[in-house]
Amino acid sequence: MFARSLLPAWLFFMAGALHAAETQVAVAANFAEPIKAIAAVLEKTTGHTLKITVGATGRFYAQIKNGAPFDVFLSADTRTPVQLETDGLAQPGSRFTYATGKLVLWSADAAKVDGQGAVLKSDGFRKLAIANPKTAPYGAASIEVIDKLGLTAALTPKLVQGESIGQAYNFAYTGNAEIAFVAMSQVLEGGRLKSGSMWVVPQTLYAPIQQDAVLLKTGANNEAAKALMKLLQSPNIKDLIRSYGYDI
């Protein structure tokens, strides 16, 4: 009788294990930390696992066009997923906005960046790091802010570019640049600034960084990919994403 009472639970466990799948996900660098938390939730609730690759949106587009075996793409913009739909590489009707990003000016030095971003007009730094504006939407937003502030001529000689927003952050984190334009999600933890100092760039200075997710044709039959797309739209995960400084 005891063994029989355990049988349904045992069968349930085995069924979950047998149906668990892995999916390959291309993730824009600004979303590197949230996707780790989301992956943990996905595995705990479904058994599915993510194989995560982090990088620049433009680079991912080129890789997907050339046959990279990603199943899901979490972009840092809308334009690139739309282009993948046009190219016939994304599942029609799968695209949705999972987050809207915010740009901040950040320094590892707690006294470097003031609350109004006036440091940009000072001589208090040698290098300003940004993501490559040709491949990273946050880099393009950084250039837009610099232009609108009328600081293009003054700041262009001081710019150092990372391939992604992750590399731009690393430049400032390691001190290779005193300040950097980065994603708010990179410097928050539990809704608070982890370290250093920052200026939250007014959203009037750059176009909204609307970030879309899309299921790629290669992931159309992958249960883990479909489960991730569904999870990203759940209320609890939306709250988690907001805790990193995004709007939904």
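Predicted model: local features only at pLDDT ≥ 70, side-chain atom pairs only at ≥ 80, totals over all residues.

The chain has 248 residues, 46% of which count as buried, and its make-up is nine helices and 12 strands.

**The chain as a whole**

- Take the contacts between residues at least 6 apart in sequence: 78% of them join residues at least 24 apart.

**Helices 3 and 4**

- In general, a pair of packed helices is described by two things, the angle between the axes and the distance between them.
- Here the pair is helix 3, covering residues 57-65, and helix 4, covering residues 79-86. Their axes come within 10 Å and cross at roughly 10 degrees.
- Angles under 35 degrees count as roughly parallel, so helix 3 is roughly parallel to helix 4.
- Want to see who meets whom? On the helix 3 side, look for Thr57, Tyr61 and Ile64; on the helix 4 side, look for Thr80, Gln83 and Leu84.

**Two residues in helix 5**

- Helix 5 runs over residues 137-148, and Ile146 is part of it.
- Ile146 has a relative accessibility of 4%, so it counts as buried, the cut-off being under 20%.
- Leaving out neighbours within four places in sequence, Ile146 is in contact with Leu128, Leu151, Thr152, Leu155, Leu159 and Phe181.
- For a sense of distance, Ile146 and Ala56 are 90 residues apart along the chain, and their C-alpha atoms are separated by 21 Å.
- Ser142 lies in helix 5 too, and at 0% relative accessibility Ser142 counts as buried.
- Beyond residues up to four places away in sequence, Ser142 touches Leu103, Ile130 and Phe181. Phe181 also turns up among the contacts of Ile146.

**A buried spot in a loop**

- Ala177 is in the loop that links helix 7 (165-173) to strand 8 (179-183).
- Is Ala177 buried or exposed? With 0% relative accessibility, Ala177 counts as buried.
- Its contacts, apart from neighbours within four places in sequence, are Lys127, Ala129, Val160, Phe171 and Ala172.
- Ala177 and Leu159 are 18 residues apart in sequence, and in space their C-alpha atoms are 8.9 Å apart. Leu159 is also one of the residues in contact with Ile146.

**A partly exposed spot in another loop**

- Ser195 sits in the loop between strand 10 (192-193) and strand 11 (197-200).
- Its relative accessible area is 35%, and that makes Ser195 partly exposed.
- Which residues does Ser195 touch, not counting those up to four places away in sequence? They are Trp106 and Ser107.
- Ser195 and Lys134 are 61 residues apart along the chain, with 29 Å between their C-alpha atoms.

Terms used. Residues numbered from 1 in each chain as written. Heavy atoms only, no water. Helix = DSSP H or I, 4+ residues; strand = E, 2+ residues; numbered from the N terminus. Buried < 20%, exposed > 50% of the residue type's maximum accessible area, 1.4 Å probe, protein only. Contact = heavy atoms within 4.5 Å. Axes fitted to C-alpha atoms, helices over the stretch in contact; angles between N-to-C directions. Parallel < 35°, antiparallel > 145°, perpendicular 65-115°, else oblique.
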